[in-house]
Amino acid sequence: MGGPNNTYAEYFVGQSFLKMLTTEGVPIGNVTFEPGCRNNRHIHQAEKGGGQILLCTNGRGWYQEWGKCFEIQLADPQQADLIS
């Protein structure tokens, strides 16, 4: 599960946990949220190719896609959607 995500705690309401899977090339981290944990709205920008890929492996969460005005969608592991 990883250790307490203290480095990015300012972006969360509640406790999250971070386990970096790799920091080489494209960094990949596994973030786990305790029940009720909320992530403050933020953006991941990149010069090209996108800024973040989300893979929902358990539970449910809400996200908003760039260019879709306040359209909030549900990430559900049963749908196996790749959000990038």
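Strands are DSSP runs of E with at least two residues, and they are numbered from the N terminus. The model is predicted, so local features need pLDDT of at least 70 and side-chain atom pairs count only at pLDDT 80 or more, while totals for chains, interfaces and linings use all residues. Residues are numbered from 1 along each chain as its sequence is written, and side-chain values use heavy atoms, with hydrogens and water left out.

Start with Asn5. It lies in the loop between strand S1, residues 3–4, and strand S2, residues 12–13. Asn5 is buried, with a relative accessible area of 5%. Buried means under 20% relative accessible area, exposed means over 50%, and partly exposed falls in between (1.4 Å probe, protein chains only). Contact means heavy atoms within 4.5 Å. Neighbours within four places in sequence aside, Asn5 is in contact with Phe12, Gln15, Ser16, Phe17, Leu18 and Val31.

Now turn to the strand pairing. Two strands pair if DSSP finds at least two bridges between them. S1 and S3 pair in the antiparallel sense, over two bridges. Here Pro4 stands opposite Phe17 in S3. S3 and S4 also run antiparallel, joined by six bridges. In this pair, Thr22 stands opposite Ile28 in S4. S3 and S4 form a hairpin with five residues between them. Gly25, in the turn, has a positive phi of about 65°.

Val26 sits in that loop, between S3 (16–22) and S4 (28–33). Val26 is exposed, with a relative accessible area of 63%. Together with Leu21 and Ile28, Val26 forms a nonpolar patch on the surface. The three share about 300 Å² of accessible area. Accessible areas come from the Shrake-Rupley method with a 1.4 Å probe, and for residues only the protein chains shown count as cover. Like charges are joined within 9 Å, and nonpolar side chains (Val, Leu, Ile, Met, Phe, Trp, Tyr) within 5 Å.

Finish at Asn40. It is found in the loop between strand S5 (38–39) and strand S6 (61–64). Asn40 is partly exposed, with a relative accessible area of 31%. Asn40 and Val13 are 27 residues apart in sequence, yet 7.3 Å apart in space, C-alpha to C-alpha. Neighbours within four places in sequence aside, Asn40 is in contact with Glu10, Tyr11, Phe12 and Val13.

Technical notes. Patches are made of residues with over 30% relative accessible area and no salt bridge: like charges are joined within 9 Å, nonpolar side chains (Val, Leu, Ile, Met, Phe, Trp, Tyr) within 5 Å. A salt bridge is a side-chain nitrogen of Lys or Arg within 4 Å of a carboxyl oxygen of Asp or Glu. Helices (H or I, at least four residues) and strands (E, at least two) are DSSP runs, numbered from the N terminus.
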